[in-house]
Amino acid sequence: MLTSVDTDLIRVLADPLRLRIVTLLARETLCTTHLVAETGARQTNLSNHLKVLREAGVVETEPCGRFTYYKLRPDVIASLAGRFADLAESARAAAENKRACP
């Protein structure tokens with residue numbers, strides 16, 4: 001069963017740019033400059049999206065000199081994936097269940 005935390009996380013990841021950021025961070029730790037180059041988004045827009053991802057616990061920061069690097073928290077993504085896997089398994093198990101109409 002999905003919780004309210006899960007649905008909040010789904011909303012966070014539903015934004016195309018945030019999903020793109022997460023996809024890029026799944027491959028490597030990147031700074032804002034790298035993410036601007038990869039996504040074509042403006043730095044201010046990207047920073048706002050990174051703030052949302054940070055607050056949701058999807059990414060964490062790592063200061064490095066005057067740059068801030070971002071890395072994905074795979075445990076958060078794995079937890080959400082596990083919830084969806086549980087839903088899929090429930091659907092498979094209940095495929096023949098049909099409630100009769102009154």
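1. Helix H4, residues 43–55, lies across strands E2 and E3. Its direction makes an angle of about 115° with E2. The model is a predicted one, and this applies to every point that follows.

2. Three strands make up an open sheet, ordered E1-E3-E2, with antiparallel pairing. At the edges are strand E1 (30–31) and strand E2 (59–64), each of which pairs on one side only. In general, strands of a sheet pair through backbone hydrogen bonds, in either a parallel or an antiparallel manner.

3. Within the sheet, E2 and strand E3 (residues 67–72) run antiparallel and are joined by 6 bridges. For orientation on the display, Glu60 stands opposite Lys71 in E3.

4. How do the axes of helix H1 and H2 cross? Helix H1 comprises residues 4–14, and its axis comes within 5 Å of that of H2, at a crossing angle of roughly 90°. The two helices are therefore roughly perpendicular to each other. On the H1 side the contact involves Arg11, Val12, Leu13 and Ala14, and on the H2 side Pro16, Arg18, Leu19 and Val22. By class, these contact residues of H1 and H2 are 6 nonpolar, no polar and 2 charged.

5. H2 also packs with helix H3, residues 32–39: the two axes come within 11 Å and cross at roughly 115°. This crossing of H2 and H3 is right-handed. Leu17, Arg20, Ile21, Leu24 and Leu25 of H2 meet Leu35, Glu38 and Thr39 of H3. The residues in the contact of H2 with H3 comprise 5 nonpolar, 1 polar and 2 charged.

6. Regarding the chain as a whole, the protein has 5 helices and 3 strands. Read from the N terminus, the order of elements is α-α-β-α-α-β-β-α. The radius of gyration is 18 Å, well over the 13 Å that the globule rule gives for 102 residues, so the chain is more spread out than a compact globule. The C-alpha trace spans about 65 × 20 × 20 Å along its principal axes.

Conventions:
Residues are numbered from 1 along each chain as its sequence is written. This is a predicted model: local features need pLDDT of at least 70, side-chain atom pairs count only at pLDDT 80 or more; totals for chains, interfaces and linings use all residues. Side-chain values use heavy atoms; hydrogens and water are left out. Two strands pair if DSSP finds at least two bridges between them. Helices (H or I, at least four residues) and strands (E, at least two) are DSSP runs, numbered from the N terminus. Contact means heavy atoms within 4.5 Å. Axes are lines fitted to C-alpha atoms, for helices over the stretch in contact, and angles run from 0 to 180 degrees between N-to-C directions. A crossing is left-handed if the near helix is turned anticlockwise from the far one by less than a right angle, and right-handed if clockwise. Ala, Val, Leu, Ile, Met, Phe, Trp, Tyr, Cys and Pro count as nonpolar, Asp, Glu, Lys and Arg as charged, and the others, Gly among them, as polar. Angles under 35 degrees count as roughly parallel, over 145 as roughly antiparallel, 65 to 115 as roughly perpendicular and the rest as oblique. The radius of gyration is taken over C-alpha atoms; the globule rule is 2.2 Å times the number of residues to the power 0.38.
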